[in-house]
Amino acid sequence: MGPTFYFIKSIGTHSISFSSKLYKQVRFGRSNNREQRKEKMQAKKTREEVEKINMIDTWLKKHSLIYVGATRHPFILSIRDGTVNLTSFKTWLGQDYIFVRAFVSFVASVLIKAWKESDDSGGDMEVLLGGMAALNDEIQWFKNEASKWGVQLSDIVPQKANKDYCRFLESLMSSEVKYTVAITAFWAIEAVYQQSFAHCLEDGTNTPSDLQVTCQRWGNDGFGQYCHSLKQIVNRRLAKALDDEIKKAEVALLDVLEHEVEFWNMSDGGA
Ligand SMILES: Cc1ncc(CO)c(N)n1
């Protein structure tokens, strides 16, 4: 088949016609294809940039299965529907007290990294210091709560999942680990508890009244705000980070989510 001819204009008895290729070139401009390609690439770049601005949400969508596994664990769902086994709850309480003591040291190491590496335009240090103050309160709370439930904290032996998690925290305390990577893990650790316990406080839930204080501890709005501030710090850091650091931060997030699932699993009696 020959080229299609478009009748464009007739001037008097003279008609001018173009081949379709030529017509397109005249109609859309010679560099049409190249322009379109450029536009597409621009769109792709913009999408990547948008994803990078909120890297955390991009990752949570990408890894939604494990994220839901960590924030909607059967133990949490059993608190939420009121069927929780109190032995499970006490196991969790004792193990978490041990974890939080390691966690305080980890947060101290993140604070040191912030001081060394952050320009602190976002007030990172204040947010972290607020987190440490909350942990001071939390340790006291664990002691009160343990005596309320008859849990002897001095007798608690850390289970394997707990030891593994604490060892992971310790690995992040190394000066080799960048601030961006460590604070990504920090945000994830706090966010899992915030999301889990806030879920137990939603309308229409059956959370037992004597567990409400526990859920409030991490599910209250102030803690939600604090997690949001941490998330903004992380997103700001990741938007500026090099690829290698971004990859390590994503791995750290996945590690946290896996450790959190294993940690909840302990409450079910698994060692
Ligand atoms: C296991 C675990 N993850 C997160 C938190 C939040 O502080 C906690 N107390 N314990």
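**Around the ligand**

The shell around the ligand is made up of eight nonpolar, no polar and four charged residues. Here Ala, Val, Leu, Ile, Met, Phe, Trp, Tyr, Cys and Pro count as nonpolar, Asp, Glu, Lys and Arg as charged, and the others, Gly among them, as polar. Before going on, note that this is a predicted model, where local features need pLDDT of at least 70, side-chain atom pairs count only at pLDDT 80 or more, and totals for chains, interfaces and linings use all residues. Residues are numbered from 1 along each chain as its sequence is written, and side-chain values use heavy atoms, leaving out hydrogens and water.

Now select D96, F99, V100, F103, E138, Y165, I189, E190, Y193, W218, E260 and F263: they surround the ligand, each with a heavy atom within 4 Å of it.

Next, show α6 (86-117), α9 (179-199) and α12 (243-266), which each supply at least two shell residues. Which of them gives the largest share? That is α6, with four residues. Helices are DSSP runs (H or I, at least four residues), numbered from the N terminus.

Zoom in on the polar contacts (pairs of N or O atoms within 3.5 Å). A polar side-chain atom of E190 is 2.9 Å from a ligand oxygen. A ligand nitrogen lies 2.6 Å from an N or O atom in the side chain of E260.

Finally, select K62 and E250, a salt bridge (a side-chain nitrogen of Lys or Arg within 4 Å of a carboxyl oxygen of Asp or Glu), whose closest N and O atoms are 2.7 Å apart. K62 lies in helix α3 (residues 55-62) and E250 in helix α12, so the pair ties together parts 188 residues apart in sequence.

Notes: Polar contact = N/O pair within 3.5 Å; in protein donor to acceptor, adjacent residues only side chain to side chain.
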